[in-house]
Amino acid sequence: QVQLVESGGGLVQAGGSLRLSCTASGRTFRRYAMGWFRQAPGKEREFVAAISWTGPSTYGADSVKGRFTISKDNVKNTVYLQMNSLKAEDTAVYYCAFRPEGSLTYDFWGQGTQVTVSS
């Protein structure tokens, strides 16, 4: 099993920034990907960004491209999501997820961290 612990959420004004962190522990994998998803009230969970163990990253909605940056620290088993120029529509619970090598899905999820952007 892999345990994921997120931190860094909170309340911020529109135009502000937050950095989310997610640290993985437990079973180790040589190759994996970690990602961020978000779910706003009344909406389905949405893919935000992901990064593989080798470094390449992908981003989901066009609305976050250029504003959000995903990065990782392999030594700390931690992935980050730097969110700049935040908008009210970024308000959601943000979830960290882990996809082991060989898996087509994200098999492990964190509990989520609330991000609220006030306009």
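Pro 56 counts as exposed, at 54% relative accessibility, where exposed denotes over 50% relative accessible area, buried under 20% and partly exposed anything in between (1.4 Å probe, protein chains only). The residue is found in the loop between β5 (46–52) and β6 (57–59); strands are DSSP runs of E with at least two residues, helices are runs of H or I with at least four, and both are numbered from the N terminus. The structure is a predicted model, in which local features need pLDDT of at least 70 and side-chain atom pairs count only at pLDDT 80 or more, while totals for chains, interfaces and linings use all residues. Residues are numbered from 1 along each chain as its sequence is written, and side-chain values use heavy atoms, with hydrogens and water left out.

The structure holds 1 disulfide, defined as a pair of cysteine sulfur atoms within 2.5 Å. A disulfide is a covalent bond between the sulfur atoms of two cysteines. Here the bond joins Cys 22 to Cys 96, with an S to S distance of 2.0 Å. Because Cys 22 belongs to strand β3 (residues 18–26) and Cys 96 to strand β9 (residues 92–100), the pair ties together parts that are 74 residues apart in sequence. The torsion about the S-S bond of Cys 22 and Cys 96 is about -80°, and the disulfide is therefore left-handed. Cys 22 is buried, with a relative accessible area of 0%, and Cys 96 is buried with a value of 0%.

Strand β3 also takes part in strand pairing, for which DSSP must find at least two bridges between two strands. β3 and β8 pair in the antiparallel sense over 6 bridges, and Leu 20 has Leu 81 in β8 as its bridge partner. Strand β8 (residues 78–83) is mostly covered, since 5 of its 6 residues are buried. Strand β7 (residues 68–73) and β8 likewise pair in the antiparallel sense over 6 bridges, with Phe 68 opposite Met 83 in β8. The hairpin of β7 and β8 has 4 residues between the strands, and in this hairpin Asn 77 takes a positive phi near 50°.

Empty space was examined next. Rolling a probe the size of a water molecule over the atoms shows where empty space is left. On a 1 Å grid over the protein atoms alone, a cavity is a set of points where a 1.4 Å probe fits but cannot get out, whereas a pocket is an open set with protein on both sides within 12 Å along at least five of seven lines; lining residues have an atom within 4 Å of a point. Grid points are joined across faces, edges and corners, and a volume is the space filled by probe spheres set on the points. The largest pocket holds about 190 Å³ of space. Of the 13 residues that line this pocket, the closest to its centre are Thr 28, Phe 29, Tyr 32, Asn 77 and Phe 98. The largest share of the lining of the largest pocket, 3 residues, comes from β3. The count of cavities of 30 Å³ or more comes to 1, and the largest cavity has about 40 Å³ of space. Among the residues lining the largest cavity are Tyr 32, Met 34, Lys 72, Asp 73 and Asn 77. β4 (32–39), β7 and β8 each supply at least two residues of the lining of the largest cavity.

The count of aromatic pairs comes to 6. Rings of Phe, Tyr and Trp (its six-membered ring) pair if their centres lie within 6.5 Å; planes under 30 degrees apart count as stacked, over 60 as edge-to-face and the rest as tilted. The rings of Phe 37 and Trp 109 have their centres 4.9 Å apart and their planes at 55°, so the pair is tilted. Phe 37 counts as buried at 12% relative accessibility, and Trp 109 as partly exposed at 31%. Phe 98 and Phe 108 form an edge-to-face pair, 6.2 Å centre to centre with 65° between the planes. Phe 98, at 4% relative accessibility, counts as buried, as does Phe 108 at 13%. Phe 37, Phe 47, Tyr 106 and Trp 109 form one aromatic cluster.
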